[in-house]
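Work through the exercises below with the coordinates open. Each one has a task and a stepwise solution.

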Amino acid sequence: MNDTPGMNRYLLRCLYTALSAIFALTLLAASTGCSRRADTRLTRIAAIVSDHPERALQDLDSINPDGLSESDRHFHDFLTVKASDKASVPHTSDSLILDVIDYYSAYQSDPIYPEALYYGGRVYYELGDYPSALQYFQQALDNPGQAPDTTDLRNRLNSQIGWLLQRLRLYKKAIPYFSQMLSQKMADHDSIGIVYAQQGLGSIYYNLGTLATDDMSQNHYLESADSILSNSLEYAGTLPESFEINSKILLSGIKQAQNDITGALNMVRHTPERADSILLNKALAYAADIYLDAGIMDTAYM
């Protein structure tokens, strides 16, 4: 009987230790709930989805979601949205991505969560709902810490937000996003990313220049655009020709806005013949307007 108090204390310590362990495991499960080991078929698809999205879609179609666990089914849905976006398959509905975001919002430490927000923005961008696209892009930008490649996700988000704000003609709001992208790409020595960011910034300053109501502001914006895009030609020299062509098209418009018709002609000359199918209409539009402005009617008509 004299050992009873000691025994009770011992049992209480054991109970406390057991409860503490259970509590810790509960927290761990809550924080990593949907990041447990996924179906091996899905992990294999996740490894190829960025580089081979068409193949990923085929593999995803071969899996019956009804036979998956809840977490794997949502993982399957996430990969379907991602693969479709990478393969340029048009998004026609927001139902799948909203279900994915809703599920992963309960597990915000899971690396998939910020990417799900990103693809929410991509879906709404294609559906033409730009305010919702901006909302999801900004949420992802504010919470990219657990993404597999945080820097890459930030760059994609800055690019998407910058181009979207430009499309909405919110030019000044777009500048910080392209500037952040350019700074990171410079640090990474990524020539392709540098040129993309410079073309984005140059386009923004060009648009601001054409909208400026006073000569000082107009000159400032157009000179900034000229400097940025001229610099982009140095990086474009080692890249596929389309990068150089796009910068020259944009520069020709800037020269024209600066009333430097000779400079505009020098930049736009031969760009339609060298442009690929994506840039051809843009090159023709700039060239026609510049040749018309220069009084070279037959070439403008052609």
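This is a predicted model: local features need pLDDT of at least 70, side-chain atom pairs count only at pLDDT 80 or more; totals for chains, interfaces and linings use all residues.

## Exercise 1: The nonpolar cores

Task: Find how many residues the largest nonpolar core has, and which helix gives the most to this core.

Solution. 
1. The largest nonpolar core has 64 residues.
2. Phe75, Phe78, Leu79 and Tyr205 have the most contacts inside it.
3. Helix H6, residues 112-127, gives the most to this core: eight residues.
4. A second core is separate; its seven residues include Leu265, Val268, Ile290 and Ala300.
5. Now take Leu79. Beyond four places in sequence, Leu79 is in contact with Leu42, Ile45, Ala46, Val49 and Leu60.

## Exercise 2: Helix H6

Solution. 
1. Gly128 follows H6 and has a positive phi, near 85 degrees.
2. Arg122 and Glu126 both lie in H6, four residues apart, about one turn of the helix.
3. In an α-helix, residues three or four places apart point the same way, because there are 3.6 residues a turn.
4. The side chains of Arg122 and Glu126 form a salt bridge, 3.5 Å from N to O.
5. Arg122 counts as buried at 13% relative accessibility, whereas Glu126 is partly exposed at 34%.

## Exercise 3: Aromatic pairs

Task: Classify two of the ten aromatic pairs, Tyr118 with Tyr119 and Tyr205 with Tyr221.

Solution. 
1. For Tyr118 and Tyr119, the centres are 4.9 Å apart and the planes make 80 degrees. Planes over 60 degrees apart count as edge-to-face, so this pair is edge-to-face.
2. For Tyr205 and Tyr221, the centres are 6.2 Å apart and the planes are at 25 degrees, so the pair is stacked.
3. Tyr205 sits in helix H10 (residues 191-211) and Tyr221 in helix H11 (residues 215-236), so the pair ties together parts 16 residues apart in sequence.
4. Tyr205 and Tyr221 are both buried.
5. Ring pairs also join Phe78, Tyr118, Tyr119 and Phe137 into a cluster.
6. The charged end of Arg156 sits over the ring of Tyr118, 4.7 Å from its centre.

## Exercise 4: Salt bridges between helices

Task: What parts of the chain do the bridges Arg73 to Asp99 and Lys255 to Asp226 link?

Solution. 
1. The count of salt bridges is 13.
2. In the bridge between Arg73 and Asp99, the closest N and O atoms are 3.9 Å apart.
3. Arg73 is in helix H4 (residues 70-86) and Asp99 in helix H5 (residues 95-104), so the pair ties together parts 26 residues apart in sequence.
4. Lys255 and Asp226 form a bridge with closest N and O atoms 3.0 Å apart.
5. Lys255 is in helix H12 (residues 241-257) and Asp226 in helix H11, 29 residues apart, so distant parts of the chain are linked.
6. Lys255 is buried at 16% relative accessibility, and Asp226 is buried at 13%.
7. Shared partners join Lys82, Glu115, Asp152 and Arg156 into one salt-bridge network.

Note on methods: Residues are numbered from 1 along each chain as its sequence is written. Side-chain values use heavy atoms; hydrogens and water are left out. A nonpolar core is a set of buried Ala, Val, Leu, Ile, Met, Phe, Trp, Tyr and Cys residues joined through side-chain atoms within 4.5 Å. Buried means under 20% relative accessible area, exposed over 50%, partly exposed in between (1.4 Å probe, protein chains only). Helices (H or I, at least four residues) and strands (E, at least two) are DSSP runs, numbered from the N terminus. Contact means heavy atoms within 4.5 Å. Rings of Phe, Tyr and Trp (its six-membered ring) pair if their centres lie within 6.5 Å; planes under 30 degrees apart count as stacked, over 60 as edge-to-face and the rest as tilted. A charge sits over a ring if NZ of Lys or CZ of Arg is within 6 Å of the ring centre and within 35 degrees of the ring normal. A salt bridge is a side-chain nitrogen of Lys or Arg within 4 Å of a carboxyl oxygen of Asp or Glu.
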